[in-house]
Amino acid sequence: MNSTLHTELSGLRAEIDSIDCQMLDLLSRRAHCAQEVGKIKSRHGEAGFPYRPEREAQVLRGIAELNPGPLPEGAIRQIFREVMSACLALELPLKVAYLGPAGTFSESASRRHFGSAPTFLPQASIDEVFRAVESNHAHYGVVPVENSSEGAVGSTLDLLLAHSLQVCGEVQLRIHHHLLSNASEIGAIRRLYSHAQSLAQCHEWLNGNLAHLPRVPVASNAEAARMAAEDPESCAIAGEAAADLYGLGKLATNIEDDPGNSTRFLVISHHSANPSGQDKTSLVCSAPNRPGAVFDLLEPLARHGVDMSRLQSRPAPDGMWEYVFYIDLIGHRDDASVAAALAELRERAAFLKILGSYPVAG
């Protein structure tokens, strides 16, 4: 290394070292503040509720707005998410249940929302996620509710109706599927493992590139990756987390047919969230069996200027040819316009259940 280069780099590295020390001091001060917050909550009987979705959403939005660059917004959000996650763990180490096994997109969504500090508990089914939270084995649960290509996840909708848990957050996750294997080339592969939904999401790519290959449906993409790791003549469709977990190479990346493919996840708990300024409210209701009943349900929303971002009908579990309607509204249930519309909707609906209000996913 020539002397001029060494001199220039030495000055910058010394400045970086100084900044790192300042950052460490500031992080420690923030952590001490978080501990004091925990003590105050404990004195007021709220020690078991350290995680406030609305507060974290406000912090992340504020930081993103203040970001001067050159780091992109996504990187800034991720850094501050991890800082908040570590500080929150000083108040109460969280347990988060998700649809397992390890390496699934549900785990990726859980870590994206909560950071890496909690203990993550994989569950065998969506029903088990609900049970883990309802029994207080986990503080929170993360479950898929809809995919941009495949539509709603019916089991999640049914369980939201059946259980008393509330929705307190949402996660939007871009879904990128990769072709994973220990084989060095596609020509050496004799079979493909994948979850049925991923097979559907990669259908055109598979027909164009691996039409001859037998497709073996399995319980999850993480399970597909595990099987491919043990079978050198196979491959799997799975995501980045499964590739890292099982040490598999990528024979092809981003093979999903829809480049905008994404899945929406809900965070469930025993509580909803307070207003954050950018919120959604989810509910489920049914209409009386008479002409114009569905119009009567929706009319108060339009009259009070409440935007509806989602309307999903589903057969009611207790009546043949009867339907319930899952609705997402823009706004918090405590917002004046939303509260007024919900009050009228409650009078008109044969059944109404508010599933929760929560911050819109960043």
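A crossing of two helices is called left-handed if the near helix is turned anticlockwise from the far one by less than a right angle, and right-handed if clockwise. In the structure described here, helix H2 passes helix H3 in a right-handed crossing. The structure is a predicted model, in which local features need pLDDT of at least 70 and side-chain atom pairs count only at pLDDT 80 or more, while totals for chains, interfaces and linings use all residues. Residues are numbered from 1 along each chain as its sequence is written, and side-chain values use heavy atoms, with hydrogens and water left out.

Two packed helices are described by the angle between their axes and the distance between the axes. Helices (H or I, at least four residues) and strands (E, at least two) are DSSP runs, numbered from the N terminus. Axes are lines fitted to C-alpha atoms, for helices over the stretch in contact, and angles run from 0 to 180 degrees between N-to-C directions. The axes of H2 (residues 53-66) and H3 (residues 73-91) cross at roughly 145° and come within 10 Å. Contact (heavy atoms within 4.5 Å) is made by Glu56, Val59, Leu60, Arg61, Ile63 and Ala64 of H2 with Glu73, Ile76, Arg77, Phe80, Arg81, Met84 and Leu88 of H3. Eight of the residues in this contact are nonpolar, none is polar and five are charged; here Ala, Val, Leu, Ile, Met, Phe, Trp, Tyr, Cys and Pro count as nonpolar, Asp, Glu, Lys and Arg as charged, and the others, Gly among them, as polar.

Strands are said to pair if DSSP finds at least two bridges between them. An open sheet with mixed pairing is formed by five strands in the order S8-S7-S9-S6-S10. Its edge strands, S8 (215-218) and S10 (249-252), each pair on one side only. On average, neighbouring strands of the sheet are turned by 35° against each other, direction ignored. Within it, S6 (residues 178-181) and S9 (residues 234-238) are antiparallel and share three bridges, and Leu180 has Ala236 in S9 as its bridge partner. Helix H9 (residues 221-230) lies across S6, S7 (191-195), S8 and S9, and runs at about 155° to S9.

Strand S11 (residues 262-269) pairs in the antiparallel sense with S3 (residues 140-147) over six bridges and with S5 (residues 166-174) over eight bridges. Eight of the eight residues of S11 are buried, where buried means under 20% relative accessible area, exposed over 50%, and partly exposed in between (1.4 Å probe, protein chains only). Both faces of the strand are covered, with Ser262, Arg264, Leu266 and Ile268 on one side and Thr263, Phe265, Val267 and Ser269 on the other.

In helix H11 (residues 293-303), the buried residues are Ala293, Leu297, Pro300 and Leu301. Seen down the helix axis, these residues fall within an arc of 105°, so they line one face of H11; the arc is that of the directions from the helix axis to the C-beta atoms. The cover over them includes strands S12 (279-286), S13 (308-315) and S14 (323-330) as well as helix H12 (336-348). Phe295 and Ala302 are exposed on the face turned away from the buried side. H11 is followed by Gly305, which has a positive phi near 70°.
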